[in-house]
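Subject: Structure handover and findings

Hello,

I am passing on the structure below, followed by notes on what was found in it. Please read the notes with the structure open.

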Amino acid sequence: MKPLRTFKVTPYLPTPLESLRLLAYNLHFSWNVETRSLFRRMDPDLWDACAHNPVALLGRIRQERLDELAEDPGFLAQLERASQQLQSYLQEDTWYRKYRSAQAVEGECYAYFSAEFGLADCLPLYSGGLGVLAGDHLKAASDLGLPLVGVGLLYQKGYFRQYLNPDGWQQERYPVNDFFNMPLELQRDAEGREIRIEVDYPNRKVFARIWKVTVGRVPLYLLDTNIEPNSQYDQDITDELYGGDQDLRIHQEIMLGIGGVRALRALGIHPTVYHMNEGHSAFLAVERIRLLMVEQGLSFEEAWQVAKSSQMFTTHTPVPAGIDLFPPDKIDYYLGFYYSQMGLSRERFLALGRENTGDFQSPFSMAVLAINMASFVNGVSKLHGAVSRKMFSRLWPGIPLEEVPITSITNGVHVRTWVGEENQALYDRYLGPDWAEAPPSDPLWKKVDRIPDGELWRAHERSRSRLINFTRERLMEQLQKRAASAAEIQRASEALNPEVLTIGFARRFATYKRATLLFHNLERLKALLNHPQYPMQFIFAGKAHPRDIPGKELIRQIVQVSRQPEFRQRLVFIEDYDMYVTSLMVAGVDVWLNNPLRPREASGTSGMKAAANGGQNLSILDGWWDEADYYQTGWPIGRGEEYEDRAYQDEVESNALYDLLEQEVAPLFYQRGSDGLPHQWIQRMKQAIRRNCPQFSTQRMVLEYVQRAYIPLSNYFDRMRRDHFESARQFVRWQNHLQEHWYNIQVLNVQIETPKKAAAAGLALAQDDQVVMARDPLTVTVEVRLGSLRPQDVIVQAYQGPVKDDGQIQKGQAISLRYVETVEDRAIFSGQICYEASGLQGLAIRLLPFHPDMHDPYELRLMLWA
């Protein structure tokens, strides 16, 4: 029976407890130890049963218990402390207020779009590292006081919950999220009506309401289509994260990108920067161009320039197979009406998302669309930046690979979220309360060495014991659900040993991550686990995508091995990996294992979380670990080699893994002093904390985004929109004129004046190669016929560097020449260069366009070589 009316019923809280409501609806609790401890204190069992959801806790806790707490002086004192900590956090001076607000452009605001956000285990709106990274990004933005808003989708079922059948095969279940008992607030207008937006789909409109998650100081707005008058199919657009077929995926990405722009407008928010976290939201650029054309009367080129000036794209994908591609006919069907509104032909629109614009059968790439619509593009580690430049280099023909304008900002983790409670107390005591905000250069980090070895070790042992106790409980729960025998359940209660070297492996079970590399030689693994002096144990966790059969097979293999008598007390698999399990593992393990196929790991953040707790990393040199101090804070598996033969690679790297565990890791862990402490191991823990905690934090990461992208793009957009977009109009006119005449440029003469020093020294001069001495200055003069262009429209550069076997200059350095004068129709540019290295060196001359409003010299993708 459908109700006539519905009501949202909120729990009745006695007056002394009223501030619990504010604490429950701000995700600050997810990284504040005092607040989490407060909610756990109310009812520990219910807190766990509610997946650490304070709103659900307040709704389900017995009224008598609330009345008891209202009379409990100890609880009220802790409530006051937690409330005061939140208020102080919201009101304190922030980095943005101190260093940016006075120079900020009018209405400065950064909008961060992502398909998933991992903020807390009670908000299952994430599948893995991408979502958790997005959640940590918002938390760091809150800490810094940035004017940032998040935009995403609110999934009725979210990502799946995992359980295993008796054979160890992954099964999925999709519990429905109760939004009204989660830390979410439905957005309403001044009259109390739901704020709704509508998005055009073929032959219909789809409506969405907007929910807000408060993340400290930052709002996250989530779109929900599960409402009438939407059809059942349209209600299911926001049903599952990464579920359904290609049609559902494009439905979701239209809602995220186009619907996200409309939601911000409905809320009265007008960002100066749009950050596309992966390509899922790239349709936002199409909507922004359409709006600028319709509302401001701009041409397509002008609107594109304005939109692009304020947009950026972060790619997390190291392989082409990870990019969303749509057949041209699907783009026609779902977005064809945009063609005419934007004044574009079909092929011109489709070219926005194609690498090869001349291939009319090629699919439409969301990553290419995002790149074409962005003024700043980055990968998420230095190695991933290089991989991305190679992967997308065809978009910049003629530009040297190392100069393809895709940079990198290495990921980080929100340390207050991921450092265990025991360690946080130590860091607060010995480093001071501001350690989580301290940059890598702060002398504060040297104080890590002052933490007494005994205190750090005991804190870590408590974290390890908590992890093992949890693991045993989870294993027994898994077995009971499968109706296992009493003997199996009893064995699970005794699994693992809190005194033994504990190694963790937990991540998405994609095949390239090689979860079973450790199982390459079971006899050798058995010997390692059961070593008489140096035993070790492994905890595995993670999910495979529901359609990833090879990934599921990896999980089954691990479970099957873990059930063998020689392994079952030393090797376990934890079902249903989530943020809570992550927090226990990264704080409790001694070593974090990661062995992907290099260079397939874009960044990886789980190892950063372990390192922030003093955990040692044992990893292939991929992603972030390739740029860490991997000798003092862990061990590298290999030296960054890449192999053609996968079987041979697995053989070599599994043997290297066994050797490291047997000969270095385990002996060091069990090497104890007279006081029973592993002092050398503890010193490595301190190195991991001191070197990795500040360097691989989202505090550092988000500040990089602010200084390298958010502020420059806000300023760039501000220039474009001045005087009713006159700057943009003039810039586009200049671009059109430049492109019309660019290929009429002629380099007429290049003169290189060598110093007399080489000749005086008797160095022979070959017919083609001149011999010069290192560090001697060479004067380069170039005469150029520019035709209808002016000298200030171009940059003339000398491009110098070593010449490799193929005759090409590799990793060259560009030096701009200065404009000297114009003689008749020849513009003369001149400057000096020198070579630091000996050997065969080359020199080339090239021209790039220049305009004061260009964000970078490669923006127009034009480069002319002499």
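Which residue in strand 26 is the bridge partner of T781? The answer is S830. Before going further, please note that this is a predicted model.

The sheet with strand 26

Strand 26 covers residues 826–833. Its pairing with strand 22 (residues 778–785) is antiparallel and runs over 7 bridges; the bridge between T781 and S830 joins these two strands. Strand 26 also pairs with strand 25 (residues 818–823), again antiparallel, through 5 bridges. Here V823 has R826 of strand 26 as its bridge partner. Strands 25 and 26 make a hairpin, with 2 residues between them.

As for burial, strand 26 is mostly covered, with 6 of its 8 residues buried.

A residue to look at in this sheet is V747, which sits in strand 21 (residues 746–753). Its relative accessibility is 26%, so V747 counts as partly exposed. Leaving aside neighbours within four places in sequence, V747 is in contact with V782, E783, V784, L847 and A866. V747 and L786 are 39 residues apart in sequence, while their C-alpha atoms are 8.6 Å apart in space.

The sheet with strands 23 and 27

A further open sheet has 4 strands in the order 24-23-27-28, and its pairing is antiparallel. Strand 24 (813–816) and strand 28 (864–865) are at the edges with a single partner strand each, so one side of each has no neighbour in the sheet. Strand 23 (residues 794–802) and strand 27 (residues 841–849) run antiparallel and are joined by 9 bridges.

The loop between strand 23 and strand 24 holds Q810. With a relative accessibility of 30%, Q810 counts as partly exposed. Apart from neighbours within four places in sequence, Q810 is in contact with E402, P802 and K804. From Q810 to G842 there are 32 residues in sequence and 9.2 Å in space, C-alpha to C-alpha.

Two helix pairs

Helix 2 (residues 33–42) packs with helix 6 (residues 73–91) at an angle of about 150°, and their axes are 9 Å apart. The two helices are therefore roughly antiparallel to each other. The crossing of helix 2 past helix 6 is left-handed. On the helix 2 side, the contact is made by E34, T35, S37, L38, R41 and M42. Helix 6 contributes G74, F75, Q78, L79, R81, A82 and Q85. By class, the residues of this contact are 5 nonpolar, 5 polar and 3 charged.

Helix 18 (residues 421–431) and helix 19 (residues 453–481) pack at about 160°, with axes 9 Å apart. This makes helix 18 roughly antiparallel to helix 19. The crossing is right-handed in this pair. Helix 18 makes the contact with E422, N423, L426, R429 and Y430, and helix 19 with E455, L456, A459, R462, S463 and R466. The contact has 4 nonpolar, 2 polar and 5 charged residues.

A covered helix

How many of the 10 residues of helix 12 are buried? In helix 12 (residues 300–309), 9 of the 10 are buried, so this helix is largely enclosed by the rest of the structure. The buried residues are F300, E302, A303, W304, Q305, V306, A307, K308 and S309. Among the elements that cover them are helix 11 (283–296), strand 10 (311–314), helix 14 (346–351), helix 15 (366–372) and helix 27 (698–741).

Regards

Technical notes. Residues numbered from 1 in each chain as written. Predicted model: local features only at pLDDT ≥ 70, side-chain atom pairs only at ≥ 80, totals over all residues. Heavy atoms only, no water. Axes fitted to C-alpha atoms, helices over the stretch in contact; angles between N-to-C directions. Parallel < 35°, antiparallel > 145°, perpendicular 65-115°, else oblique. Left-handed = near helix turned anticlockwise from the far one by under 90°. Contact = heavy atoms within 4.5 Å. Nonpolar A, V, L, I, M, F, W, Y, C, P; charged D, E, K, R; others polar. Pairing = 2+ DSSP bridges. Buried < 20%, exposed > 50% of the residue type's maximum accessible area, 1.4 Å probe, protein only.
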